[in-house]
Amino acid sequence: MEKLRKEDVNPKIVEALLRDTDITIDDALDNEMILNMGPQHPATHGVLRVLLRLDGETVMNAVPELGYLHRGYEKMAENMSYYEYIPHTDRLDYISPMANNVAWVMAVEKLAGIEVPVRAQYIRMMVAELARIASHLVAIGAFAMDVGALTVFLWTLREREKILDIWDILCGARFTNSYTRIGGVANDAQPDALAKVKWFIDQFDDNLTECEKLLNSNRIFIERLENIGILPAEVALDLGVTGPSLRASGVEFDLRRATPYLQYDKIDFNVITYTEGDSLARYFVRVDEMRESAKIVRQVLDKMPAGEIMANMPKKVLPKKTEIYTRMEELIHDFMIVNFGINPPVGEIYHAIEGSKGELGFYLVSKGEGHPWKCKIRSPSFNNLQALPYLVKGHMISDVVAIIGSIDPIMGEADK
Amino acid sequence: MNIKELIKNKLTNNFPNYQIEFSEYLDEFCIKVNKENILEICSFLKNDEDLKFILSEDITAVDWATRKNRFTVVYHIYSLKNNFRLKIKSDVDESDCSIDSVTSVWGAANWQERECYDMYGIIFNHHPDLRRMYMPEEFEYYPLRKDFPLMGIPGSLPLPKK
């Protein structure tokens, strides 16, 4: 953090910072200061820049500045085919790329009218839930590290490493997966991958309890988070907050339950809610959600049927590689899909799934061409960050770090 | 009563003089309103006891490039009470590239409209803090317009001083 001179800051940001604040301090110092936090700051989870107006150590106002990781993914989507865009969704929320893959292909399938085989849907559910576990593990680890508990980070990342190993078996990549395809998934889930998932789920609960014990009985951790950054339910809804942060405020809103997609209506799980709405509640929601996700994965493993993993729609779904090499018809379809795209009918759709940070949606407009006319990413981190100025007002400067950790923004997603 | 019919009835009864088009595509219900009425209709949809569209999910625009009304501003709002998502559209022409802001209805619209302004250059009237969201304040273009080239415009992004 560095102290800024007024001429270093854009006048419009200064204006936003100096706007009247509703914070009053009993014994004000009459000595306000503007402090720059980020974009290169270890506790901002990427390249988030926050300008803070301080009186002593109390935050009077905060202005987040986004755009340091803006790569123009919406513009790029308008210039490439639906298939080509799958690897780019990995780079949105780079902590849970699998969930983004699922969200993208489901939006495209809705637009193009493709029915996905049931086995592929179960595999997608499995990877989306494992991605949620991986994302929450990083969130909790980094969050604990921000408030000073370093060991938890190592332990949660050890667990996440096992998930990355599962990705490795499933699709050959550990981090940027690009596993899903339009109409299904790239590879079938092999028995050894499923066995590894089963092993992971079986040992996960104990290991999570271990991590939890380190934090739940840690007095510093609890006292630094309790009653810090309270987000009342009506404010959260007004500011468009979704995901764990909204459920920590007592609103039972989960798209898996509200608008069931894939096969979630056949699965038994609870939507975790807490009522306190403070940073500690957001931590508890994430821990409990991981247990629920493990429960979902266990049911998915039981219920997963045998069968096809790709839809049989030759004009819209890429054929198998072996068939391309041996059969004329498949070769032609492959050529047409790769070069000209799948040409969904004219129309527009919005499809959202419950990502690990909240509602992850894609709004697609098709003009009947191979590439989308418009693609809008509704990213949860972007909308959740909007609550940051509300949350930090009136708190101490060291609480800002804890609050950013508790809403868990991923800047790749927020900046697109 | 079906929620779609409920919305239709409520809007036609409460705003008989307004031109509101209803459409549906792939089970997504959509209403199209004139941009002068957007604020009134949005606050009605949010505050009506039976509808309660309290969550503003997304605000964006579509650049049609060749149509008479060049832009369409698209709102996605959600009603937790009915578990229903509604799409609102409103046309904006390039000659009068502005529409009323709905920040007074949903606080979430603040950043969502800023992003839309940053990418398309649509002015949201009475917005409390209409700055660019991603691009630097000195940037002169609107990147998601169809006439902005994919490779960017060389020299348009100023490098930091020093």
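Biologist: What is the order of the 5 strands in the open sheet of chain B?

Modeller: This is a predicted model, where local features need pLDDT of at least 70 and side-chain atom pairs pLDDT 80 or more, while totals for chains, interfaces and linings use all residues. Residues are numbered from 1 along each chain as its sequence is written, with chains lettered from A and ligands numbered from 1 in the order written. Strands here are DSSP runs of E, at least two residues, and helices are runs of H or I, at least four, numbered from the N terminus; two strands pair if DSSP finds at least two bridges between them. The pairing in this sheet is mixed, and the order is β1-β2-β5-β4-β3.

Biologist: Which strands of chain B stand at the edges?

Modeller: Look for strands with a single partner, because one side of each is then left without a neighbour in the sheet. That picks out β1 (20-25) and β3 of chain B.

Biologist: Which element gives the most to the side of chain B that touches chain A?

Modeller: Two residues are in contact if their C-beta atoms, placed from the backbone, lie within 7 Å. By that rule, 29 residues of chain B are in contact with 33 residues of chain A. On the chain B side, β3 (55-63), β4 (71-79) and α3 (109-120) each supply at least two residues. The top giver, with 6 residues, is β3(B).

Biologist: How many residues of helix α17 of chain A are buried?

Modeller: Buried means 20 or more other C-beta atoms within 10 Å of a residue's own, exposed means 12 or fewer, and partly exposed is in between, with C-beta atoms placed from the backbone. The helix spans residues 397-407 and is mostly covered; Asp399(A) and Ile407(A) are among its buried residues. Just after the helix, Asp408(A) takes a positive phi of about 55°. The buried count for α17(A) is 9 of 11.
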